Amino acid sequence: MTATYEVRGKIAVITLSNPPVNGLGYETRKAFCAALERAESDTAVNAIVVTGAGKAFSGGADIKEFGSPKALAEPNLLSMIGMVEACSKPVVAAIHSVCMGGGLELSLGCHYRVVAPGTKVALPEVKLGLLPGAGGTQRLPRALGIEPALNMIVSGEPVNSELLAQVPGQKLFDRVTSGDLMEEALAFAADVADKRPLPRVRDLKARHANPEAFFQFSRNMVGAMSKNFPAPLRCLEAVAASTTQKFEDGMRTEREGFTALMFTPESKALRHAFFAERAASKIADVPDDTPVRSIAKVAVIGAGTMGGGISMNFLNAGIPVTILETKQEALDRGIAIIKKNYEAQVKKGKLKEDKYQQRMALLSSTLNYADIGDADLVIEAVFEEIGVKEAVFKQLDAVMKPGAILASNTSTLDVNKIANSTKRPQDVVGLHFFSPANVMKLLEVVRGAATAKDVLATVMQLAKKIRKTAVVSGVCDGFIGNRMIEQYSRQAGFLLDEGCSPQQVDKAAEKFGFAMGPFRMGDLAGNDIGWAIRKRRYQEKPDLNYSKSADLLCELGRYGQKTGAGWYDYAVGKRDALPSPVVAEMLEKHRAALGITPRQISDDEIVHRLVYALVNEAAHLLEEGIAQRASDVDMVYLTGYGFPLWRGGPMCYADTVGLFNVVQAMKRFAKNPLDDAKFWEPAPLLARLAAEGKSFS
Ligand code: NAI
């Protein structure tokens, strides 16, 4: 049963019962409406209490039904709420824990609302590029007041029930309970059982002293803050309609807005990202009920750039960390940086002093492997050299307790080789954090040939605890993200050879929506990193060609921001990227030496060469089984590489453009004598999908 019915005294209790959060799917709606009809016709019943079983009143629409005909099948959410509102007996919502989306809209159709303190209340539809489509934009402003309702609807953020109950003049909650919710709701229902007429939120007026000025001001604010996302402004217009239009007309405005948003590429991209994140946490051959190992203590090897940031993730989650280094100075330096990071957060008011102290108290350090043997998980973040890593893993093999998970943060090295330097390759896994590791959401979980399933299940669960988006990658050079970015960078280099300036390429990429173009990114990360990788590639893959412009830049000592000069010039102590005459001259000479006549290249060509390079390489990764699913690739790029969220990731973007068109463009690029025709041969998977008129999703 997805909704249960019982009678207590003269009160019928209808309980939504669809775990985990009482999503209002078709079966639940049907069961709920049947229960409501039963209560209405039962002469022994004089009032009705509606509540939710388990850990929510209701989390809203059932996400499993999203976009399917079931979501609209009658009784749909609007009809269900209409039935509640039209019920001849008082309906009291007994709200607790989570009351979101359609759940809140359902409660607003009830005649009364009794709420437990600490309930998270939200209309989060805007986060999926939508607006609340079951009366939320019309009823919440009437019940709560225009300003707080607009804030909730435009931000989608949850607000605590006690805070909402304090809003002056609010009619959202009739009572905040102090004891048992159900007992108080039953008593409340008994009190109001004979009261008529029944209060309806739709009959309230959404008032504001100066609505025109308020909405104009809000339009400017919301418009500026939601560039590239149409939903927040649509939300605003629907809320504005609640003040200027009759309830039924406002409902029509809401419906029109909802339908229009449903078909925007932005909403499609946001919904794609929402489901992609959930899908990424699943591993096809690792069942959800795989037992996990307990992780109560962590050790980190290396207190450099990555080791410090990695440690902070665990300290933030309340897990003790011991950092090991080779020298006391390196330890002191690493710990000082962790302290500095936390102190900056305290200064900005983002972290309370006592929390900072608690976190630091969880941190210890050592120069001695014997001190970390009892850790449940050890993460190595030492220099990126296979010899150094193998030596560290041999030591770990000798001292770590049986069953400890041994992880490497390597960004390019062979995790299988590292695993095989131990006698327990089944316990070895790659945990590839991104810099700054305490900030970036992405965690690539690198699955070695021997990595045990319970190790994978454990680190996927742990990733959630430390608030990372984990994506599983097989072993290959660069894993998912960096292997793809190499092709993107190669294209960026060819574009320079052919006539673009770094600023032209960056501008086009940033206009498309990348957080940073490839050259500004190179200057930030350090151009010497790519240089070192290319030097290795020249030996390993002599047939793979690169533009030599980035090597010439490094030969000038222009490593980026850290040396005060890279693709751009930087004023001392500043990060503003200024076009560099030195680089312009260097590129001119370079082209002349190659006999290239520079040509004008459109922004479209720039962006498509960069993005389709990612897409084609990703198609190879999927075929090789390195990436599990196209949406995983999108998660990597959305959370680790600044790909614009409203485009849903490179694969979602390619699907939107149409794979046929992507392949056509690649064929054109292949004809360019200065590009790499072999690379632009569509990966077999991409070619097949395009030929069959299919998409990655
Ligand atoms: P780093 O040079 O800042 O830090 C490395 C630290 O390891 C140094 O403090 C060094 O003293 C210590 N160390 C070296 N050998 C050691 C040993 N045998 N035992 C204990 N400590 C030792 O390097 P970074 O940038 O932190 O990189 C570490 C690892 O993380 C590398 O594998 C790198 O590829 C990977 N990585 C780096 C990223 C970055 O953006 N910096 C991003 C993702 C991964």
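Biologist: Between which elements does the loop that holds N228 lie?

Modeller: Helices and strands are read here as DSSP runs, a helix being H or I over at least four residues and a strand being E over at least two, each kind numbered from the N terminus. In this structure N228 lies in the loop between α8 (211–225) and α9 (231–244). Residues are numbered from 1 along each chain as its sequence is written. This is a predicted model, in which local features need pLDDT of at least 70 and side-chain atom pairs count only at pLDDT 80 or more, while totals for chains, interfaces and linings use all residues.

Biologist: What is the phi of N228, and is the residue buried or exposed?

Modeller: Most residues other than glycine have a negative phi, and most peptide bonds are trans. N228 has a positive phi of about 75 degrees although it is not a glycine. For burial one counts the other C-beta atoms, placed from the backbone, within 10 Å of a residue's own: 20 or more make it buried, 12 or fewer exposed, and anything in between partly exposed. N228 has 10 C-beta neighbours inside 10 Å and therefore counts as exposed. S97, in the loop between β4 (91–95) and β5, is also not a glycine and has a positive phi, near 60 degrees. Because S97 has 19 C-beta neighbours inside 10 Å, it counts as partly exposed.

Biologist: Which residues of β10 point to each side, and how many bridges join β10 to β13?

Modeller: One reads the two faces of a strand separately. In β10 (residues 298–301), V298 and V300 lie on one side and A299 and I301 on the other, and all of them are buried. Four bridges in the parallel sense pair β10 with β13 (residues 377–380), where V298 stands opposite L377. β10 also runs parallel to β11 (residues 321–324), again over four bridges, and the partner of V298 in β11 is V321. In β15 (residues 428–433), six of six residues are buried, with V428, G430 and H432 pointing one way and V429, L431 and F433 the other. β15 pairs in the parallel sense with β14 (residues 405–408) over three bridges, S408 standing opposite G430.

Biologist: How many residues surround the ligand, and which are the closest?

Modeller: A residue counts as near a molecule if its C-beta atom, placed from the backbone, lies within 6 Å of it. Here 23 residues surround the ligand, the closest being G302, G304, M306, E384 and S435. α12 (305–316) and α15 (386–399) each supply at least two residues of this shell, and α12 gives the most, with three. By class the shell divides into 12 nonpolar, nine polar and two charged residues, where Ala, Val, Leu, Ile, Met, Phe, Trp, Tyr, Cys and Pro are nonpolar, Asp, Glu, Lys and Arg charged, and the others, Gly among them, polar.

Biologist: How many helices and strands are there in the chain?

Modeller: The chain has 28 helices and 19 strands. Its radius of gyration of 29 Å is close to the 26 Å that the globule rule gives for 697 residues, so the chain is as compact as a globular protein of that length; the radius is taken over C-alpha atoms, and the rule is 2.2 Å times the number of residues to the power 0.38. Buried residues make up 46% of the 697.

Note on methods. Pairing = 2+ DSSP bridges.
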